[in-house]
Structures are given as structure tokens and as C-alpha cells.
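Morning, everyone. Please take a look at the sequence and the structure on the screen. I'll take you through them.

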Amino acid sequence: MNQQTSVTDATAAKKTLPDAQTVTEVRHYTDDLFYFRTTRPQSLRFRSGEFVMIGLPGDDGKPIMRAYSIASPSWDEGLDFYSIKVQDGPLTSRLQHIQPGDEIILRPKPVGTLVLDALLPGKRLWFLATGTGIAPFASLMRDPDTYERYDEVIMMHTCREVAELEFGRQLVESLPEDPLIGEFVGDKLKYYPTTTREDFHTMGRVTDNLASGKVFADLGLGTDRMDPAIDRAMVCGSLDFNKDIMAILDGWNLREGANSEPAEYVVEKAFVG
Ligand code: A2P
């Protein structure tokens, strides 16, 4: 019996949890970061950038649920997630041990503000993330709509160490050759990864590289700031990161938007962690 058969059999045999989905792949990037893929509920429709609640049963049988950005595009038949591992975290202390064939709970009610519809039309779209905040952009970077709406897309991602960038790097570098999305991506996607605590060819916080103009110079954008007439931004990181980025964007006269009132930028907290 091969691996694939045993996963399928496990799916058919179990389905014991409410809203159960089956884990189909797990990749560990560092001691603190891992990726996993699950089956997708047939009824689940979502917009790239949205999140869902996922979890596992606790010792008392009650589900422990947390918000996770969907890291896969809406056209994909499975669902990708990218997570930290918190050794004493109620959910991730257990979730980090999942294996293909295991079940997780997934509530199929996607929500969130990091959606293209919450932005006014523009020319250049910035994805600004720290750590696992890259997850919603792993979805948006694979959405053809992103490239249909914008001439240029810039993915800025900052982590402490080089190994923490690996999930994003692998994804970004695979896109131009991707049989489904490659032709949409073309040469529109620019990637600007940086570290803050380990030597790397580009370093520094997203905030500092924006405020100093360094990223604009390094990418040859011919300006040293965003312009509310053409630039749009989506932000996902820690609360402090989001706050500091918003101060910079506000200073450039970009305004925060929402589904109900699109504007120049949108913000979401990177949830777990
Ligand atoms: P730094 O190493 O200078 O703190 P963390 O692991 O603490 O969540 O941080 C992830 C990355 O985000 C780190 O590179 C960290 O830089 C950076 N970072 C943390 N807080 C901020 C902030 N307020 N503004 C910009 N970058 C931040």
C-alpha cells in the first residue's frame, strides 16, 4: 500500500470530528515554523487573503480554535497554512505534530480585510509582512486577479534569520515557472526579503527600508516614497509592526480601507503568535 492510498483510506474511515479536514502534507522549515496542507471542504469559497478558524480537540474534548490565513489561492483544490510553533501554545504545541492522514477542525467561514476589493484601483501593490504574516500573501501572490489589477507587485518580507524566509522564497521563486499562474506573474512580481539578526544581502526592518527610501532605490523605482495616486499596500505582521507601518503610510497620505469603503491600504494582524 503506498502513502497516497493510506491517506485516502484514513479519510474514508475517520471523519469523526465536526468540520474535519484531512492533513495531506507537512513541511517543517525551522524549529519554530511549519507548513501544512489539508483537504478543502467542497462548499468553501474564499477570497485570497482571507482567514478561517482551524483547530484540534483539546484534552477535555472542546476544540481549541485559532485564526489562520489561508496561504493557498482560491483556485487550488487543497488548503495551505503556514504556522509558528509555540512550545507551550494551547494549539500550536499540538498542531506542530500533525502528520499526513491526521484530521484538523476547519470552520468553513472565511473572513478578513486583506482582500483586493478593499483597495481602490492603483498601479503598484505592496505586500508588507513579517514572520508568518507572509501567509495571506502566499495566497494573493498566486491569484491572477492580483496581476490583472496591478502593473507591479512588491513583496517585502522581514524575518530575524535567513532560514525563516525560506517558505516565502521557495514560493516566490516558483511562480514565474508555475504552469497555472506563471503567465500572469510574468515580470510583475518583485521580491524584497530582509533579515534583521543574521547577515543577508538585504537587511533591515520593512519599516526602516520604506522610511529611508532604500527599497525604492534598490528596486529602481525612481521615487523615495509611496504615492496615494498609484501605490496600494496590504500589511500583515505583529501589532507593533502594523502600527509602525500605518504611521508611515498615513504620513504618505494613504488611507486605511475596508471592504465597505475601499481606500489605499489594508491591515491584518498575523494571528497565531
Ligand atoms: P527585529 O529583529 O529588529 O526585532 P518577531 O520574530 O519578533 O515577530 O519579528 C519578526 C521580524 O519583524 C523581525 O525581523 C523583527 O525585527 C521585525 N519587527 C518586529 N517588530 C517590528 C516593528 N515594530 N516594525 C518593523 N519590524 C518589526
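First, a definition of the residue classes. Ala, Val, Leu, Ile, Met, Phe, Trp, Tyr, Cys and Pro count as nonpolar; Asp, Glu, Lys and Arg count as charged; the others, Gly among them, count as polar.

Two notes on the source. This is a predicted model, so local features need pLDDT of at least 70 and side-chain atom pairs count only at pLDDT 80 or more, while totals for chains, interfaces and linings use all residues. Residue numbers start from 1 along each chain, as its sequence is written.

Helices (H or I, at least four residues) and strands (E, at least two) are DSSP runs, numbered from the N terminus.

Now the domains. Domain 1 covers 3-111, and domain 2 covers 116-269. These bounds come from an automatic or database domain assignment. Their centres, taken over C-alpha atoms, are 26 Å apart. The contact takes 16 residues from domain 1 and 13 residues from domain 2. Contact means C-beta atoms, placed from the backbone, within 7 Å. On the domain 1 side, β2 (33-39) and β5 (78-84) each supply at least two residues. β5 gives the most to that side, with 4 residues. By class, that side has 8 nonpolar, 7 polar and 1 charged.

Key:
Two residues are in contact if their C-beta atoms, placed from the backbone, lie within 7 Å.
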